[in-house]
Amino acid sequence: MREIDSKLARVVPPVLVIGLLIAVWWMIVARSDSPIFPTPWQVATGAWALVEDGTLWEHIGASLFRVGIGFGLAFLVAIPLGLWMGWVSGAYYTLNPLFQMLRPISPIAWIPVAILWFGVGNMSPIFLIFISSVFPMIVQTTTGVRTIDRRYLRAAANFGVSRSVLFRRVVFPAVLPEIIVGMRIGIGVAWLVVVAAEMIALNSGLGYLIMDSRNAGNRYDLVIASMIIIGVIGLLLDGATRLLERMNTVKWRYVR
């Protein structure tokens, strides 16, 4: 019974807040009698029309494909590089200033460079997603290695374990929670960047759908629907990443 009450306590408040926001939205549009800004019902019917003709799934699939490729490449580069920088002081002091200089540059600022290098196509947003998500994962992984409690290392040294076993059985499990934090940050930024890139240089994806709906007869019902779908997918991506926190090798970090 307590478990059910706990779940309801987590679900009911956000549902009530969302319901209240929808009610306020509907009331404001009804009072303003705006011919352009849509009601929640118009947004829902517009989105359903896209579902029925399959257009929505094509745009969602295109955006998720680009995020999957760009984020996957960033993960393959960032995790080994971050582990190396955290473990080897020379690599950290050599590369960290460069990454700290590149990291604050907005991924949107890279759009002209991406178009110049890769043209108009899938490679441009994939590059932007890579750039936006690789640095958070590098920084978090490096920080995780460099802040490992030295008691773990001393205990392993007392048992005479080799460096490979030490890295595999002590260092990597200890830094895994930080890697997951970096992944959550990276996937969130990647999803934001792909939408922005699609508004400028592509003819598919949710970002393109927003711009196309705006330009094709001021279809603001589809604009708002696309924005809501982007937010829902972003929430689902973050939730999927958080599932990694339930792994047995990670749970220790989140015990309260």
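Does Phe135 count as buried or exposed, and at what relative accessibility? At 8% relative accessibility, Phe135 counts as buried, where buried means under 20% relative accessible area, exposed over 50% and partly exposed in between, with a 1.4 Å probe and protein chains only.

The views show a predicted model, in which local features need pLDDT of at least 70 and side-chain atom pairs count only at pLDDT 80 or more, while totals for chains, interfaces and linings use all residues. Residues are numbered from 1 along each chain as its sequence is written, and side-chain values use heavy atoms, with hydrogens and water left out.

**View 1. Phe99 and Phe135 form a tilted aromatic pair.** Rings of Phe, Tyr and Trp (its six-membered ring) pair if their centres lie within 6.5 Å, and planes under 30 degrees apart count as stacked, over 60 as edge-to-face and the rest as tilted. By this rule the count comes to six aromatic pairs. In the pair of Phe99 and Phe135 the distance is 5.9 Å centre to centre, with 50° between the planes. Phe99 lies in helix 4 and Phe135 in helix 6 (residues 123-146), so the pair ties together parts that are 36 residues apart in sequence; helices are DSSP runs (H or I, at least four residues), numbered from the N terminus. Phe99, at 11% relative accessibility, counts as buried.

**View 2. Trp117 and Phe127 form an edge-to-face pair.** Their ring centres are 5.7 Å apart and their planes stand at 70°, so the pair is edge-to-face. Because Trp117 lies in helix 5 and Phe127 in helix 6, this pair ties together parts that are ten residues apart in sequence. Trp117 is exposed, with a relative accessible area of 54%, whereas Phe127 counts as buried at 14% relative accessibility. Both residues belong to one aromatic cluster, formed by Trp110, Trp117, Phe118 and Phe127.

**View 3. The charged end of Arg146 sits over the ring of Tyr92 and over the ring of Tyr93.** A charge sits over a ring if NZ of Lys or CZ of Arg is within 6 Å of the ring centre and within 35 degrees of the ring normal. For Arg146 the distance is 3.9 Å from the ring centre of Tyr92 and 5.6 Å from that of Tyr93.

**View 4. Ile108 is placed in the loop between helix 4 (89-102) and helix 5 (111-118).** At 38% relative accessibility, Ile108 counts as partly exposed. The C-alpha atoms of Ile108 and Ser132, which are 24 residues apart along the chain, are separated by 9.0 Å.

Note on methods
Helix = DSSP H or I, 4+ residues; strand = E, 2+ residues; numbered from the N terminus.
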